[in-house]
Amino acid sequence: MTEPTRIFHNPRCSKSRQTLALLEDNGVQPEIIRYLETPPTAEELSDILDLLGLAPRELMRSKETLYKELGLDDPALDRDTLINAMVSNPKLIERPIVIRQGKAVLGRPPENVLDLL
């Protein structure tokens with residue numbers, strides 16, 4: 001059995017809603033993970049970053065006030081520290097993230113998801 005398509009989703013985010021709609025319009029009913037309520041573990045987030053081919057800071061919402069308040073702009077911070085900050089403060093995670101068949105994309109713009117279909 002293949003793993004279901006998953007979307008790390010924030011229903012209040014227009015890009016996240018658009019990405020989910022694109023999936024559904026293409027016949028994909030993903031497992032919806034409301035990551036603000038159920039954040040990924042540090043290990044899961046590390047795996048997601050690897051699938052995306054991104055460094056932790058590239059997946060962070062650096063314009064969030066919390067980013068500056070926590071001093072996450074410090075270039076000396078290592079991967080694990082940044083990942084743990086996102087797990088503890090999931091609103092720092094850029095969204096939506098879609099995972100399908102061992103690949104992942106960031107739905108910014110939403111059309112990125114079409115690369116997985």
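Which residue with a positive phi follows helix 1? Select Gly 27: its phi is positive, near 80°. Helices here are DSSP runs of H or I with at least four residues, and strands are E runs of at least two, numbered from the N terminus.

Before moving on, note that this is a predicted model, in which local features need pLDDT of at least 70, side-chain atom pairs count only at pLDDT 80 or more, and totals for chains, interfaces and linings use all residues. Residues are numbered from 1 along each chain as its sequence is written, and side-chain values use heavy atoms, with hydrogens and water left out.

**Whole chain**

Zoom out and colour by secondary structure. The protein chain has four helices and four strands. Along the sequence they run β-α-β-α-α-α-β-β. The radius of gyration is 14 Å, close to the 13 Å of the globule rule for 117 residues, so the chain is as compact as a globular protein of that length. That radius is taken over C-alpha atoms; the rule is 2.2 Å times the number of residues to the power 0.38. Along the principal axes, the C-alpha atoms fill a box of roughly 45 × 30 × 25 Å. Of the 117 residues, 42% count as buried, meaning under 20% relative accessible area with a 1.4 Å probe, protein chains only.

**Helix 1**

Select residues 14-25. The 12 residues of helix 1 should span 16 Å at 1.5 Å a residue, and the end C-alpha atoms are 16 Å apart, which agrees. The expected span is 1.5 Å times one less than the number of residues. Now show Ser 16, Thr 19, Leu 20 and Leu 23, which are buried. They cover an arc of only 100° around the axis, which puts them on the same side of helix 1. The arc is that of the directions from the helix axis to the C-beta atoms.

**The cores**

Next, select Leu 59 and Ile 97. Of the 22 residues in the largest nonpolar core, these two touch the most other members. Such a core is a set of buried Ala, Val, Leu, Ile, Met, Phe, Trp, Tyr and Cys residues joined through side-chain atoms within 4.5 Å. Helix 2 (42-52), helix 3 (65-69), helix 4 (79-88), strand 3 (97-100) and strand 4 (103-106) each supply at least two residues of it. Apart from this core lies another, of eight residues, including Ile 7, Leu 23, Val 28 and Leu 116.

Finish on Ile 97. Leaving out residues up to four places away in sequence, Ile 97 touches Arg 6, Ile 7, Phe 8, Ile 48, Leu 52, Leu 59, Val 105 and Leu 106. Contact means heavy atoms within 4.5 Å.

Terms used: Buried means under 20% relative accessible area, exposed over 50%, partly exposed in between (1.4 Å probe, protein chains only).
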